[in-house]
Amino acid sequence: MKKTNQTLKTIIICLFLFLSTNSKAQVNSDVMAERLCKSWGLSKIEDGTKTQIADEAQKEYRLIFNKDFTVQQGLAPDGFIPGTWAIDETGLFITITDKSTKTSYKMKIIKLTTDELVLQQNDETRTMIIYYKSVL
């Protein structure tokens with residue numbers, strides 16, 4: 001279980017590193033913000049040609065967007081990392097700022113529906129697509 005938690009923590013860190021800066025808007029910012037404000041659970045990650053379906057422990061990872069532009073990410077009971085979020089002027093990206101480190105991460109929004117959130121991150125060597133499902 002400890003190894004699974006460590007692996008999940010490593011994945012979480014990777015999710016927010018080397019983030020993308022290109023996209024096309026699917027809906028306007030107000031609609032996106034309304035759809036975004038809920039709790040999302042990790043469902044899978046595509047890393048190049050590999051797809052990793054979230055195991056039971058990874059499914060407990062939460063990304064929670066609040067209407068007051070705060071965000072929480074992490075696992076219960078390990079605790080959540082607090083931050084803030086914003087959608088850029090064109091509604092193409094979401095920027096998450098970690099309150100403790102003051103680090104900002106900008107991610108491309110590939111898909112955002114009432115039930116599914118798909119984010120893309122790019123670095124020099126790979127592109128990762130992260131899939132989330134709405135969690136009640």
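This is a predicted model: local features need pLDDT of at least 70, side-chain atom pairs count only at pLDDT 80 or more; totals for chains, interfaces and linings use all residues.
Residues are numbered from 1 along each chain as its sequence is written, and side-chain values use heavy atoms, with hydrogens and water left out.

**Exercise 1.** Work out where Ala76 lies and whether Ala76 is buried or exposed.

*Solution.* Start with the chain: Ala76 is in the loop between strand 4 (70–75) and strand 5 (79–87). Strands here are DSSP runs of E with at least two residues, numbered from the N terminus. Next, check the surface: Ala76 has a relative accessible area of 54%. Buried means under 20%, exposed over 50%, and partly exposed in between, using a 1.4 Å probe and protein chains only. So Ala76 counts as exposed.

**Exercise 2.** Find out which kind of aromatic pair Tyr61 and Tyr132 form, and which parts of the chain the pair ties together.

*Solution.* First, the rule: rings of Phe, Tyr and Trp (its six-membered ring) pair if their centres lie within 6.5 Å; planes under 30 degrees apart are stacked, over 60 edge-to-face, and the rest tilted. The structure holds 3 such pairs. For Tyr61 and Tyr132, the centres are 6.5 Å apart with 40° between the planes, which makes the pair tilted. Now locate them: Tyr61 is in the loop between strand 2 (50–53) and strand 3 (62–65), while Tyr132 is in strand 9 (residues 127–135), so the pair ties together parts 71 residues apart in sequence. Both Tyr61 and Tyr132 are buried.

**Exercise 3.** Describe how strand 6 pairs with strand 5 and with strand 7.

*Solution.* Two strands pair if DSSP finds at least two bridges between them. Strand 5 and strand 6 (residues 93–98) run antiparallel, joined by 5 bridges. In this region, Thr84 stands opposite Thr97 of strand 6. Then look at strand 7 (residues 104–112): strand 6 pairs with strand 7 in the antiparallel sense, over 5 bridges. Here Thr95 stands opposite Lys106 of strand 7. Finally, the hairpin of strand 6 and strand 7 has 5 residues between the strands, and Lys102 takes a positive phi near 60° there.

Conventions
Helices (H or I, at least four residues) and strands (E, at least two) are DSSP runs, numbered from the N terminus.
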